[in-house]
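Work through the exercises below with the model open. Try each task before you read its solution.

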Amino acid sequence: MSWLSRNLPYLMAGISVGGQYALIAIGYTMVYGILRLINFAHGDIFMVAGLIMVYASTVMPIYLSIPLVLILTVVIGFTVERVAYKPLRSAPRMSVMISAIGVSYLLQNLALYITGGLAQQYPAIPWISDTITVFGVTTKRVTVITPPLVILLVVLLVLLIQKTKIGMAMRAASKDFETSQLMGIRINSVISMTFVIGSFLAAVGSLLFFSNYTGVTPTVGAMPGLKAFVAAVFGGIGSIPGAVIGAFIIGISENIIKGLGWTTFSDAFTFALLIVVLIFKPTGLFGEAAADKV
Amino acid sequence: MGETVLKVENVTMQFGGVVAVDNLNLEVNRGEIVSLIGPNGAGKTTAFNVITGVYPPTNGCVSFNGKVIVENFPKGKMKKIYMGDPVAVRSQTVQPTPDKITRLGIARTFQNIRLFKSQTVFENILIAEHMRRTSNLLTATLHLNGEEERRMRTEADELLHILELDDVRDEMATSLPYGKQRRLEIARALATKPSLLLLDEPAAGMNPQETDELTAFIGRIRDDFKLTIFMIEHHMDLVMEISDRIYVLDFGRLISQGTPDVVQNDPRVISAYLGVQEDE
Amino acid sequence: MKKNTEIMINVLLIALLLAVLFILERTIPSTSMLFTVLKKGAIYALVAVSMNLLNGFTGLFSLGQAGFMLVGAYTYGILTIPVDQRPNVYMYFEGGIVQFALHPVIAILLAGVAAGIFAYLIGLPVLRLKSDYLAIATLGFAEIIRAFFQWDKLGPLTNGSNLLRSYPSYKSVLFYFIFSGICIALIVMLINSTYGRAFKAIRDDEVAAEAMGINLAHHKRIAFVVSSYFAGVSGALLAMYQTSIQASMFKSAMTYEILLIVVIGGIGSVTGSCISSFLFIILSEWVLRFLDNTTYIGSFQVPLLRSGFRKVVFSVIIMVIVLFFRQGIMGTREFSVSALLGKKKKAKGGEQ
């Protein structure tokens, strides 16, 4: 039992951070599913959501700044797509990816300018940030509420995709981009919707993530972003349940590795996992195989 | 009739549960022009891709000049879902990459033209010389292979001259008219100095006049370059005119074979193929 | 004969450039910003061209450049710190395990070799991946390399997460120009060789390249290893220029910067990469510096100008280029004397 009590904090932290990665990973997997684009800027959108909260909370009460964060993040995600990706719709995939890297660079430099390069203290959100004790482990409430909240959001998202018209359009677009256009699907609104959902979930993820790790720096989004992307690939890119499961596995694994005293390698582990997956099962856990046509 | 150049035995190609080519057997003899015809989706290009090493077949064997060049049998997950002929299952795996097969002397063209877009006609041809290089990375980088480089360029120019492409030598490959692009693709394949040439729908998208020119061109290169030609084609005039023999594929299965006369009058071909032929 | 005159003109131009640099060094104080810009520009030109060899000429979208620079920089540092300085530098690791020091030039060459070996090993699994998966896998490997070099168990070799310093370095800008120039010339010669033609064929169409008898795996590996070799060399030069290095410098942001330099110069243009490296460095280190300074005109404080604004302006410029001038400065063309004089236009299809 002592083993468990020693490792429980890491396990709990892992589940919690895994849930936060999951919320980011959904944005990656949905965008990739439709546009075949690794949205390198997605992690930075997550960072920007954190910064908005920092500044919003200084001028207004928390219960107003939370909805403001959600709305502004969605607007930014939507704008990024319209400005930086839409003009390149017919360009080679490499150009769009470079544009995504450019956006990431821009957002990071903007953040650097605004913050002056200093880590900003994330405000304590009442109730969520409260300290509680579970199974003898002291932690913040956010650790406990993250997993059920993530599952709730994912269920809602899956319902949206399975039951609504826009969800059907999304599924069609990710199956076959060109044909779905021919079938009269307004592809631009589908793509915008994808970015709106992705950014919204990233904003929720940032609320949870920064309640735990309270320093917001310009590059804070890069690592969680890349990890969430790995989670999406691990789960099978394009698959939402896959991304969520992948994110939980990565969150838990990296915290266990930290618990073992290998902190230096906790990031490297994620990439090692990515590479192993890409080599042995490029379609991930739940992905569908697609053969190249010659 | 010469000796067998290409022999395809029991080739089955299965993508998941879909059988694209089902137990295909065929032979091509030296100096022949043999056509592979069939409705869209019959598995013709897949057969080409198996022969040229793009995909390993699920089962079966391909030999070239009496030597096995591709062979495989169902294994792993495929073992369970294999739907081909259980008697014909092979026992060894030979799986070369496409470039090895090209170096053995089998060249091919593609259904959707695949020229090197950013390069000139001359450069498209010149690339074929790379596989015959004797220089290594160091000598080539330091440009110590002047002799070889001159030979490569001379040979490429000679080929352009023979194939009457020297007037467009320095044009971008993709700026050529469609018919010429097709011809350039054949020229590029010839530059690898093959003994067997596989043409995947060489007349696709051509008008009747261009098709006639192409027919003459194919006959000419067969004689000039001492080639054996195996081609996929939909233009029946072209096929009937120059083929020595024809194989007909439908739903991955061989349904008929023989001289143009025999195939043309085979009721199975008429019902399966000519009956549903689209006017192109 | 026309070709010979062109070579002559180029040789003369290079000689002239070196002479000008030589004179500048004797007339302008060595602390001048000019030399910083020239040295850093030369180093970035090399790494940008090496990245262009992969991304622009072979069509392999790799984002591992910072990782290979790190390997090069560390190899250089580890092999050249004078023995009597080692107890100081490796103070937490009892002077480290390497107890010899090589000549800097030999160490630079070995830095490239070390990066090349890493590239060979990494290439075995990742070069089978396609486009964006290759990008993310190489980015991942660069991160793993960084973690690996910071690992304290390797401290006796790499000094863990502490600085490597006190190694010898050349101060003259000529050294950076000549070294980087020779390396770039080698890359250009490779691109113009039969191997370079094979790389371009792979870039244009992998399937067709294979059908032309080009072994994909072999040629991709060559391009990857050669590119990483020169990234390693540029890493060593960067280490020399900066006089101290730390693994945490070589983050993916560094790779992004190099990528953006390549894009600005034109993917597939060597001279484009060189021009844009110098432009990038001149703008970011020098010309746009004023944007970072709070400025007053009379008592009026110019709005927006303060620390960090330079990089914002800079990223906006980059986004404009990425979105509206996708060909970059040069597209896939090359700058040459004859083209400049309008004698013979060797431009190769601007549009792609």
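Chain C holds 15 helices and 4 strands (DSSP runs numbered from the N terminus: H or I of at least four residues for helices, E of at least two for strands). This is a predicted model, where local features need pLDDT of at least 70, side-chain atom pairs count only at pLDDT 80 or more, and totals for chains, interfaces and linings use all residues. Residues are numbered from 1 along each chain as its sequence is written, while chains are lettered from A and ligands numbered from 1 in the order in which they are written.

**Exercise 1. Check the radius of gyration of chain C against the globule rule.**

Step 1. Take the rule: 2.2 Å times the number of residues to the power 0.38, with the radius taken over C-alpha atoms.
Step 2. For 352 residues, a compact globule would have a radius near 20 Å.
Step 3. Chain C has 21 Å, which agrees.

**Exercise 2. Describe how α2(C) packs against α11(C).**

Step 1. Recall that two packed helices are described by the angle between their axes and the distance between the axes.
Step 2. Locate α2 at residues 33–58 and α11 at residues 216–242 of chain C; their axes come within 9 Å and cross at roughly 170°. Axes are lines fitted to C-alpha atoms over the stretch in contact, and angles run from 0 to 180 degrees between N-to-C directions.
Step 3. Therefore α2(C) is roughly antiparallel to α11(C) (angles over 145 degrees).
Step 4. List contacts (C-beta atoms, placed from the backbone, within 7 Å): they include C:Ile43 and C:Leu54 of α2(C), and C:Phe230 and C:Leu237 of α11(C).
Step 5. Sort by class: 15 nonpolar, 4 polar and 3 charged residues. Ala, Val, Leu, Ile, Met, Phe, Trp, Tyr, Cys and Pro count as nonpolar, Asp, Glu, Lys and Arg as charged, and the others, Gly among them, as polar.

**Exercise 3. Which helix gives the largest share of the side of chain A that touches chain C?**

Step 1. The contact takes 34 residues from chain A and 34 residues from chain C.
Step 2. On the side of chain A, α4 (93–115) and α11 (266–280) each supply at least two residues.
Step 3. The largest share, 15 residues, comes from α4(A).
Step 4. By class, this side of chain A has 25 nonpolar, 7 polar and 2 charged residues.

Note on methods
Parallel < 35°, antiparallel > 145°, perpendicular 65-115°, else oblique. Contact = placed C-beta atoms within 7 Å.
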